[in-house]
Amino acid sequence: MHDALAFLAGGGAMGERVRRHDWAATPFGPPETWPPSLRTIVSVVLNTDASATVMWGPELRLIYNDPYAETLAHRHPDALGRPIMEVWGETTRPLLASFEQVVETGKGFSGKGQELPLLRDGKWVTTLWNGTCSPIYGEEGSVAGLLSFALETTAQVAAEEERAAAEAERERLTAHLAEREAFLSGVLASSTDCIKILDLDGRLTYMTEGGQRVMEVSDFNAISGCPWPDFWEDAGNREAIAAIEAARRGEARNFIGKAATMQGNMRWWHVAVSPILGPDGLPDRILSVSRDISDLRASEEQRDHFVHLAENSSDFIGMMHPDGRLFYMNNAARRLVGLEHSSTSDLALSDFLPPDQVAAIERDVLPAVDRDGHWTGELRFRHFGTGEAIPVLSSIFPVTDADGSLIGYGSVTRDYRALKRAEDDLRYLNGELAHRLKNVLAVVQSISQQTLRNAPDLPHAAKALNARLVALGAATDVLTSNAWRSAELAEIAQRALVPHGAIGERILIDGPPVTLRSEVTVAFALALHELATNAAKYGALSNETGIVALSWSIDGAGPDAPFSFTWQERGGPPVSAPDRTGFGSTLIERSLRSYCGGTAATEYRPDGLLFQLRARLGDAALVGGN
């Protein structure tokens with residue numbers, strides 16, 4: 001999928017149908033030409049768990065998700081892209097006037113107990129639904145379509161009728177539902193949301209109509225493309241920059257900061273920033289949801305919106321009475337602590353935390369929330385199924401009703417286990433780095449002692465030592481890029497020999513892929529440096545016609561397979577054995593023989609020097625799962 005269609009990513013079976021649909025043959029036109037408002041709302045609909053549909057254009061043509069497809073039954077998949085009246089016929093006639101009124105006035109509506117006949121298991125049955133319908137504004141500022149969410153309540157109504165005989169249980173559930181409704185009502189009544197889409201550099205690209213009202217934006221074009229962190233002051237600016245950096249890494253982040261509206265009214269905001277993944281699974285854009293926590297206002301539309309966000313958030317969102325008794329948890333909260341199928345009506349704060357942290361919250365955290373309006377810090381939850389301690393980063397804030405009275409405390413909490421594991425990994429890597437550096441220093445010490453011991457004078461010693469340390473540096477460069485675990489022989493050869501001639505012309509390299517062990521990598525790099533230096537001084541690379549052929553081979557498979565490595569010079573000056581064996585020759589033969597555990601020998605043939613190494617593959621290289 002190319003970038004123009006990235007908004008169609010995901011969405012399950014309907015996402016795939018939407019991507020394959022011939023939209024060019026419909027009034028929608030090709031998806032590449034769809035306006036941003038349609039792109040955004042289609043992306044939301046396809047990737048939500050609720051039954052949702054977009055009704056677009058004058059004919060209210062349908063684009064819907066998997067849950068809505070189940071509602072369509074035999075009408076699916078032919079309903080995709082068709083007008084709603086053609087799909088549902090007279091079934092939807094009672095709602096058509098309401099849909100048209102939303103288009104004309106721009107005001108949405110919600111309904112409960114709507115009867116809808118559906119064909120299920122070959123039989124027509126009457127189902128009951130709760131639904132909402134909201135306008136979708138186009139780029140010209142007029143209503144271009146409608147967004148509808150539906151929730152089937154057939155089973156719920158039937159269950160309530162069956163529970164009529166059990167009055168005591170019904171009253172308990174009613175009280176519990178009333179507390180839940182009071183919580184959601186209180187939260188939504190005291191908050192507003194500004195939803196924005198940013199590019200990966202943190203520049204504003206889209207803001208909802210509601211967000212523009214909250215931020216008192218009269219012309220979004222005037223701020224489109226502006227850096228979002230520039231709207232924040234002091235610590236809020238630093239938090240906004242850090243949140244964007246985290247989103248680029250694929251992480252979500254929450255923070256509280258201070259920012260002014262476009263009319264200069266200073267307000268405090270609670271902000272959630274998260275990445276929007278592209279079709280390749282990498283962050284493509286950034287979603288920012290800001291909630292005004294300085295001037296809480298009651299708004300039915302905002303309450304409905306926050307209910308959707310809370311129930312579908314991946315963060316732990318919970319609510320407790322001032323005395324610590326829990327009366328709300330979203331689905332993500334239940335999953336985090338292993339309560340997916342358990343009742344939470346009798347739980348309290350003390351059930352989630354160890355005693356010392358319960359005492360700390362009562363003593364320090366809640367007073368800080370009352371004083372400062374929020375508290376953010378690390379806690380340890382427990383998993384109710386396994387007993388596992390779960391490190392979390394929690395933000396706690398007060399929640400009030402429409403009159404401003406405290407009804408409890410809310411918490412938005414994120415699983416911190418991945419970060420803790422990363423910290424442990426970092427400590428391990430630091431220890432491993434120290435170990436590797438000690439090994440390198442030991443090699444440097446050995447090279448220095450041998451070079452100084454065999455050099456005729458200090459200038460020669462300095463030159464030879466410098467060249468050998470450069471070769472060692474090239475080897476450690478390769479090891480560093482591979483986390484000090486291994487390196488490819490071909491890469492070692494390329495780095496060691498490229499300063500001495502044109503690879504592929506005067507220096508020929510040939511051999512299958514071989515991943516050397518880390519300790520063998522250093523030995524090979526230093527040996528190749530010595531061979532190339534000698535060839536440039538006395539051998540095939542000292543004239544204009546000589547050639548060096550470097551090759552290696554593996555005979556068979558597995559760690560016992562014979563591994564052969566050959567350095568062959570041809571076309572250089574006549575070769576004769578030296579009067580004495582220098583440190584370079586010793587390094588070439590002994591170091592490779594020592595590390596690889598095989599045989600290494602140099603032959604001074606008249607037509608050119610020949611060096612050969614024979615060893616077990618498993619002693620020189622990584623094999624299979626090693």
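**Definitions and values in a predicted model**

Me: Ala-260 stands opposite Met-266 in E9. What joins strand E8 to strand E9, and in which sense do they run?

Reply: The model is a predicted one, in which local features need pLDDT of at least 70 and side-chain atom pairs count only at pLDDT 80 or more, whereas totals for chains, interfaces and linings use all residues. Residues are numbered from 1 along each chain as its sequence is written, and side-chain values use heavy atoms, with hydrogens and water left out. Strand E8 (residues 253-260) and strand E9 (residues 266-277) run antiparallel and are joined by 8 bridges. Two strands pair if DSSP finds at least two bridges between them, and the 8 bridges between E8 and E9 therefore meet the rule. The two strands form a hairpin with 5 residues between them, and Gly-264 in the turn has a positive phi of about 85°.

Me: How many helices and strands does the chain have, and what makes a stretch a helix or a strand?

Reply: There are 18 helices and 22 strands in the chain. Both are DSSP runs, numbered from the N terminus: a helix is a run of H or I with at least four residues, and a strand is a run of E with at least two.

Me: Why are strands E17 and E21 said to stand at the edges?

Reply: The open sheet has 5 strands in the order E17-E19-E20-E22-E21, with mixed pairing. E17 (507-510) and E21 (599-605) each have a single partner strand, so one side of each is left without a neighbour in the sheet. From one strand to the next, the twist averages 10°.

Me: Which helix lies across E19, E20 and E22?

Reply: Helix H16 (residues 518-537) lies across these strands, running at about 20° to E20. Such angles run from 0 to 180 degrees between N-to-C directions, and the axes are lines fitted to C-alpha atoms, for helices over the stretch in contact.

Me: Why does Ser-313 count as buried?

Reply: Buried means under 20% relative accessible area, exposed means over 50%, and partly exposed lies in between (1.4 Å probe, protein chains only). Ser-313 has 17% relative accessibility, and therefore counts as buried. This residue lies in the loop between helix H10 (300-312) and strand E11 (316-320). Leaving aside residues up to four places away in sequence, Ser-313 touches Asn-330 and Ala-332, contact meaning heavy atoms within 4.5 Å.

Me: How do you know that H2 is mostly covered?

Reply: Of the 11 residues of H2, 8 are buried, among them Leu-38, Ile-41 and Val-42. What covers the buried residues includes H1 and strands E1 (51-56), E2 (61-64), E4 (123-137) and E5 (143-152).

Me: Why is the pair of Phe-7 and Trp-34 called tilted?

Reply: A search of the whole structure finds 15 aromatic pairs. In the pair of Phe-7 and Trp-34, the rings are 5.9 Å apart, centre to centre, with 55° between the planes. Rings of Phe, Tyr and Trp (its six-membered ring) pair if their centres lie within 6.5 Å; planes under 30 degrees apart count as stacked, over 60 as edge-to-face and the rest as tilted.

Me: How do you know that the charged end of Arg-382 sits over the ring of Phe-384?

Reply: The rule asks for NZ of Lys or CZ of Arg within 6 Å of the ring centre and within 35 degrees of the ring normal. The charged end of Arg-382 is 4.1 Å from the centre of the Phe-384 ring.
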